[in-house]
Amino acid sequence: MRRMLTRTSALTWIAALFMLIFCLGSILMACRLNHQNQTRQTEISGMRKQLDERDARKALPQKRVIAESQVNAINTATIQLNLPWRDLFDAVEVATPNSIALLSLEPDAKRQSIKGLAEAKNGDDMIAYVEELKQRKFFQSVVLLRHEINERDVNKPLRFQFQAQWGDAQ
């Protein structure tokens with residue numbers, strides 16, 4: 001062993017010393033980085049705990065109590081919005097001949113009915129129109145409500161009002 005130590009050149013000893021210093025420096029650097037990592041992890045845990053405490057302190061929103069009148073208004077609006085407009089207009093449009101002038105349609109979604117105001121040249125056209133509406137599968141019932149001759153018009157058309165119901169309404 002002694003001979004090996006005496007025969008080793010100075011350059012080898014210097015290289016070994018540098019390697020030893022490098023290894024010790026690397027170990028010290030790893031220890032410092034590990035300590036920094038643990039410090040950061042502790043800080044992160046503390047921040048998470050603070051966030052959890054802050055979230056726990058936040059008051060949950062209280063349930064709103066809605067008045068019955070508001071509930072009824074919302075339900076009425078929903079019924080109006082769910083009115084089957086396309087089917088309703090298609091059924092009326094298909095049944096309306098050129099001899100009938102449709103003046104107005106007033107839907108009542110709550111009762112699932114529609115009131116219409118129209119004009120016809122004569123009573124036969126009026127009756128034929130009401131019968132044609134009755135034939136539409138969309139309507140459950142169609143009723144002639146009233147009729148009168150419009151004396152102010154030169155042609156004296158027959159103005160009439162009808163009501164039609166669709167769906168499950170009675």
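1. Basis of the note. This is a predicted model, in which local features need pLDDT of at least 70 and side-chain atom pairs count only at pLDDT 80 or more, while totals for chains, interfaces and linings use all residues. Residues are numbered from 1 along each chain as its sequence is written, and side-chain values use heavy atoms, with hydrogens and water left out.

2. Overall build. The protein chain contains 5 helices and 4 strands, where helices (H or I, at least four residues) and strands (E, at least two) are DSSP runs numbered from the N terminus. Along the sequence the pattern is α-α-α-α-β-β-α-β-β. The radius of gyration, taken over C-alpha atoms, is 45 Å, well over the 15 Å that the globule rule gives for 170 residues, so the chain is more spread out than a compact globule. That rule is 2.2 Å times the number of residues to the power 0.38. Along the principal axes, the C-alpha atoms fill a box of roughly 140 × 40 × 30 Å.

3. Helix 2 spans residues 10-57 and includes Leu51. Leu51 is partly exposed, with a relative accessible area of 41%; buried means under 20%, exposed over 50%, and partly exposed in between (1.4 Å probe, protein chains only). Between Leu51 and Pro97 there are 46 residues in sequence and 71 Å in space, C-alpha to C-alpha. Of the 170 residues of the chain, 17% count as buried.

4. The 4 strands form an open sheet in the order 1-2-4-3, with antiparallel pairing; two strands pair if DSSP finds at least two bridges between them. Strand 1 (100-108) and strand 3 (139-149) stand at the edges with a single partner strand each, so one side of each is left without a neighbour in the sheet. Neighbouring strands are turned by 20° against each other on average, direction ignored.

5. Pairing of strand 4. Strand 2 (residues 113-120) pairs with strand 4 (residues 158-166) over 8 bridges in the antiparallel sense. Here Ala118 stands opposite Phe160, and Ser113 stands opposite Gln165. Strand 3 is joined to strand 4 by 9 bridges, also antiparallel, and Ile149 has Leu158 as its bridge partner.

6. Helix 4 (residues 85-95) lies across strands 1, 2, 3 and 4, at about 155° to strand 1. Helix 5 (residues 123-135) also lies across these strands, at about 165° to strand 3. Axes are lines fitted to C-alpha atoms, for helices over the stretch in contact, and angles run from 0 to 180 degrees between N-to-C directions.

7. The core. The largest nonpolar core has 21 residues, and those with the most contacts inside it are Tyr129, Leu133, Phe139 and Phe160; such a core is a set of buried Ala, Val, Leu, Ile, Met, Phe, Trp, Tyr and Cys residues joined through side-chain atoms within 4.5 Å. Strand 4 gives the most to this core, with 5 residues. Phe160 touches (heavy atoms within 4.5 Å) residues including Ile100, Met126, Tyr129 and Leu144, not counting residues up to four places away in sequence.
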